Structure formats: structure tokens, C-alpha cells
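Here are some friendly notes to read alongside the model. Take the points in order, and keep the 3D view open as you go.

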Amino acid sequence: MQKYILAHKKELTVINGSLLLLALLDHFFLTQGKIVPFALILSGIVGVLPIAIQAYQSLKVKIVSIDVLVTIAVFGAFFVQSYEEAAVVTFLFLAGHFLEQATLSKTRKAIKALTEMAPEVSLKKNQADQFEEVPIDEVHEGDILLVKTGGKVPVDGKVLTGSGYVNEASITGESKTANKQIGSAVYAGTILENGTFQLQAERVGEDSAFGKIIELVEEAQDSKSSAERFIDKFSKYYTPVVLLLAIIVGLITKDIELAVTVLVLGCPGALVIGIPVSNVAGIGNGAKHGILLKGSETIQDFSKVDTMVFDKTGTLTVGAPRVNKVISNPEINENKAISTLVSIEAESDHPLAQAVVKTYPDTLKYPVTQTQVIKGGGITATVNGNKVTLGNLQLIKTNKIKLRPEEIAQSKGLEAEGNSLIFMAINNQLALILGIKDQLRPNVKNELASLKKLGVKNLVLLSGDNQGTVDQIAQQLSLTEAKGNMLPEDKAMYIKKLQEEGKNVTFVGDGVNDSPSLATANTGIAMGNGTDVAIETSDIVLLNSDFSRLAPALRLVKSTRHNMLQNIVIAVGVVLFLLSSLLFSNWINMGIGMFVHEASIIVVILNALRLLNHRLKR
Amino acid sequence: MMKKAVINLEELACPTCMQKIEAAAASVKGIDKSSIKVMFNASKLKVNFNEKEVTIEGIEKAIEDIGYPVIKAKVVTI
């Protein structure tokens, strides 16, 4: 019976509302009030039924819920024969609830859209070598799975046979397709747009990269800051106190109507809901844009940041060195010289050689013979019958290869700019000097300027690289401070020092070897590609290592925090307004009180909804 | 043997429903009270329980008895 009534709450609300409307119409147009009392009484009874059941259920577990307050108030209204108020209050309370539910699910929309991307079924190879559809819970590490065009990759794994183009938006936050061949790693939640492949499961469910992202966001939307925990505790005692207050008022004034009005006015609502709705909308908006915020506390901390500490390699720079400058001998054909260079370097796995090969991926290659590696110097080899010497300055000097004065000056200049140098000579004549450098990420300078505009006073660079390189970047990007030769522990120590000076420090790193700093800083931001992220130690993850999401992230947390504060002001303001109106004026009654109360809940939800459409890029 | 249950509820919307669900879960014998977590936005309840003292069906019933229909429950061993 109880369940039946609650399941039909919507219908009851409609009946309750229609009867109320009928009474109003009757009062003004029809029989001038003959059926008014009956319609109102019936409306009140129909309306209070589901509320009273909820009140009974919560009293069973010893909680004075909002339903208890409303039920007593409605009974009180009946008792003093104020049927109109009973009908109005129940209708507003019930209808308000549906409106709240509808708007609330809008604030949760962004996160729901993400979690619904999680794969639910998979085509798994069975003992008869056939693929059959099974729920995702039945897939284990090592299983062989089939993915067809349009299908979702169900787990993290490696491609065994086949190939295809996969949209990895779910883990990188960017709608780009990646080509997958035999041996390629594929990730759960990504979508195979074209092709077919079989894969072997390596990480399933919550252990997959996407599973971790979902878990993080799901936990984040319900995480609570210390302020919220305080409000929670407060609201636990708040409702019983309101009840007590109403009883005292009733006993002193002997005015039951006044007492039940206190009950309605004291209903908690906007205060309890205000912060969680801002939280879910802010975090949801971030998740939509590849910014994973770990929760409410992170929003509080990061919004107050005044000092940002950056790691260099992979954070301010791309993390992949490339040829930055080529100085060639005008007497030698540069294209041929570069082909010679790439042909030799392609055989080496030295980082600088790799940088050269990656800079010129499509160069024509020559056969290379008589390769000899000179330790700490470079390589000598024969290409097209010519003797090639390739390596550092020391190697050039020991081979007595001549450098012209301007070449010496240029190479010194390159070195001062933070380049590593490679020299190449053909038949003992210098052909090329290459400056190789890790490139700054595009737009880093603009991003840092936006951060400054958002109130970040100090921009600090801490790096394991030599001081020369670090100083050069600091100057280029106009950083406040730059320190080189730092080990991961040194960085964490330095952050601690900054905090002792009273600064609110955010550390931004690539998350690979910076765990101590990520954990020490007030806020740790990991720039990950969504697959190898140090999700556990960081507070914020920027998917796809996207530096240009940093300023939007700060903008988002600031707006979210403002939104929470606005909601608190609205909620507290409404209660104060109602109570003072009750004390100092006589226009307030139960119906108006309930209306203002429900309206304030809708207002805080609508306010939070603004966050969901908040534009992150400027 | 302790188990962990993640129970999906119908969308939560009311201000005091978290308290109610928390109290209902706490009243079930066999549930580790410190593990109770009601997630308002995710509309989920997470609890650890001792399967010798209570079944997942028993927990579901306690929650449904105070008016919150359970959509699905997942139990894992911890």
C-alpha cells in the first residue's frame, strides 16, 4: 500500500493540484464557494498522503526529515481548519519536488553522459573458438575479444590481428582518430570507427584507463569539502531544532497557525542542496572538456592559487626534442647532406639521433656501410663511397676537421640558447651543424599570461636540466623564478618552502616522476594522455597533456567556487528573510513560506546550471 | 567474509534523503557503519557488509522500505 502510493506520487500531485485549481475557480467564478471547502479538504488529504508516508518511514529510522516538518504543519493546518493552506502547501511541496528532480538531473547530465560511455558487453572468444556476446563483467585478463566497426573497445589491451581507426575522445578528450595495427595498445571506452580487430584483454573494468577516469569523476561529484561536512552535520540537528522551536512557539503563544508556519519556514532545502549542485555542474563541465577535477576540496584550493610551479620537460616543453636549427656548408648540397645524416642516425638509438630521425621522417635514405661507434664521440661510416664523421665537437677536433670562425661563433650561440649540437663532416669537410632542442609547447606564453590575469602572481620553473637551459626558458616566458639541477625530492622540498612562506602552491607536471611534488603542493595537476596518468597522486588531470586546458581549468574552479558562495548567500538569505518577515510583518503565511522555500531550491539549481554552459575558452 | 556493495538507487533529489538512507543502512545489522557512503549526485549507496550476518537482498529491502527503489546492486569481495 505504502509503495503503491509512493509509486503514484505523480498522479496524486496532479489530483491534488487539479482540486486546488477547482477550488480557486469555484471561489471566483462558479458557485462562489459552495464546493470550495470540500475540494480543498480533499486536495489536502490527497497531497499529504505521500508526504506523511515518507515522514513515517524516516521516523522509523529516527530521522526528522523535511517530510516530518511538512506533515505536522499540514495536520496543524487541518486542525485549525485552514484547508486552503493545507492544500497549497502540499501542492507546492510535491510539485516543487518534481521540478527539482528535473532540473537536478540536468546538472548531472555531463557526468552521466561520461559514465554511460562505459562499455557493457563484449564479443568474447569461447572454447569452441567462436565469438559470443557476454556482459563486460565476464571478461577477464587474457581473454581474446573481437571488435567490429562501430563497436566499443571493451577493455584495455593489445591488438592481436586486424587493424582499424579508433576514436579516442573518451580518454583524450579530443575527437581525433588513431590508427591501430597489430601490437597497438587500445583502450576501453574508445570507439572503432572503421575496421575490425581482435585484441587480448590486459586491464578490465575499473582497472582500465577509462574505468579509472569514470571512478575519479564519479567520486569527485560527491566528494565533500570540510565546509560541506559542517553543513551536513548542521542540517542533521537543524530539522529537530526547528521542530522544537515550533513546539515552543506554539506553547507560548497558543497560536497553532503561527507554530506550523515556523515549521514550514524552517524547512531546510537550498542550503543542503546548494553546494552539491554547483559541485556536480562544475565537475561535469570540466569532464566534458578533458579537465578532471578530483572534488570539492580541490575546487576550493585551486581557486585560491597564487603560485604555480612547473616541471619543464613534457610540461612547458613538448618533451620530444627536435632539430631546431641547421647550419650548412654552402659548398655542399644540403638535401644530400641531410639524407646522409638521417641514413646513419636511423641506425642509432641515441636520443639525439632519434630526434634527428623524427624531424625528417620522409627523407630519402642511402645504404650505410662500415659503421663504427666511437664512445662519447659519435659515429663514423661510409655512405655513397664517402667517409662521414658524425658526432660532437670533440669528435670533430680529434679528426682535425676545420671549423671556420663564423661556424665556431654560430655553434657557440646555439649552445647558449640551450641547444645540443651535432656536427657532421663528409670526407673531412664540415657539412652540417645541427642545434637540437626540446620545443616549447605552442601557446605556452599566452597561457601563462592568462594565468597571470587570473591572479597567479608567481610562475616558477623547477627542472632537473642545467641552469643555462632553465634560465633561457625563464627569460623567454618571463617566469618569476627558475631553478635547475633539481631532483624530484628537491622540487618537493622547494614547494614546501614556498608553502611555509604562506603561498598557495599548485604544481603542474607530466605525472611520470613528479609524485612527491604532486602530493606536496596544495593542488597537484598532472598532464596525462589519459592512459598513464598518475591519477592517484594528483588532484586535477588535464587529459591529452593539453597545456591550453590549464587557464580554462582555473577559470572553471573560480566560477564554481563563486557559484557555491552565491548559493549559500541565496539559501541563508531566504531563511533570514522569511524569519524576519514572520517576526516583523504579518503578510507571511504557510503557503507563501512554502512557495519561497521551493522557489529558493529551484533558484540555486538554476544558478548551478549556468556552470554547465560556462564557456571555458576565451 | 566482508563484501562491498554498490547499490544504484533511483535518482536522488530531496534535501534530507541522504540522511534517511544513511540511517536506514546503519540500522541493518551486519553493515559496517563507518563504510556507509550515500552519493547524492551519483544516486548510489556504497556499504561494506558481513555476508554471514546479512544478505544483499536484506540490505536492498531495508532501503526500499523507507521509500527508495533499488535499480541494481553489485557485490564484490574485498
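1. Let's begin with a definition: two residues are in contact if their C-beta atoms, placed from the backbone, lie within 7 Å. Please also remember that this is a predicted model.

2. How many residues of chain B are in contact with chain A? There are 16 of them, and they meet 27 residues of chain A. Helix α1 (residues 17-26) of chain B gives the largest share of the side of chain B that touches chain A, namely 4 residues. By type, the residues on that side of chain B are 9 nonpolar, 5 polar and 2 charged.

3. Stay with chain B and look for its open sheet. Four strands lie in the order β2-β3-β1-β4 (chain B), with antiparallel pairing. At the edges are β2 (37-39) and β4 (70-77) of chain B, each pairing on one side only. From one strand to the next, the twist averages 20°.

4. Which helix packs on this sheet? Helix α2 (residues 56-65) of chain B does, touching β1, β3 and β4 of chain B. The direction of helix α2 makes about 145° with that of β4(B). Within the sheet, β1 (residues 2-9) and β3 (residues 44-50) of chain B pair in the antiparallel sense over 7 bridges. You can find Asn8(B) opposite Lys44(B) in β3(B).

5. Now turn to chain A, which is divided into domain 1 (121-154 + 156-203) and domain 2 (319-439). Taken over C-alpha atoms, the centres of the two domains are separated by 42 Å.

6. Is strand β14 (residues 420-426) of chain A largely enclosed or open? Of its 7 residues, 5 are buried, so the strand is largely enclosed by the rest of the structure. Strand β13 (residues 386-391) of chain A pairs with β14(A) in the antiparallel sense over 4 bridges, and Gly391(A) stands opposite Phe423(A). Strand β15 (residues 429-440) of chain A also runs antiparallel to β14(A), joined to it by 7 bridges, and here Met424(A) stands opposite Leu432(A). The hairpin of β14(A) and β15(A) has 2 residues between the strands, and Asn427(A) takes a positive phi near 50° in it.

7. Last, a look at the record. In an unreviewed entry, UniProt lists several stretches of chain A as "transmembrane region", including residues 86-104 and 258-284. In the model, residues 86-104 of chain A are 100% helix, with end C-alpha atoms 27 Å apart. Residues 258-284 of chain A are 85% helix and 0% strand, and their end C-alpha atoms are 43 Å apart.

Key: Residues are numbered from 1 along each chain as its sequence is written. Chains are lettered from A and ligands numbered from 1 in the order in which they are written. This is a predicted model: local features need pLDDT of at least 70, side-chain atom pairs count only at pLDDT 80 or more; totals for chains, interfaces and linings use all residues. UniProt positions are given in the numbering used here, feature names are shortened, and annotations may be inferred rather than shown by experiment. Domain bounds come from an automatic or database domain assignment. Ala, Val, Leu, Ile, Met, Phe, Trp, Tyr, Cys and Pro count as nonpolar, Asp, Glu, Lys and Arg as charged, and the others, Gly among them, as polar. Two strands pair if DSSP finds at least two bridges between them. Axes are lines fitted to C-alpha atoms, for helices over the stretch in contact, and angles run from 0 to 180 degrees between N-to-C directions. A residue is buried if 20 or more other C-beta atoms lie within 10 Å of its own, exposed if 12 or fewer, and partly exposed in between; C-beta atoms are placed from the backbone.
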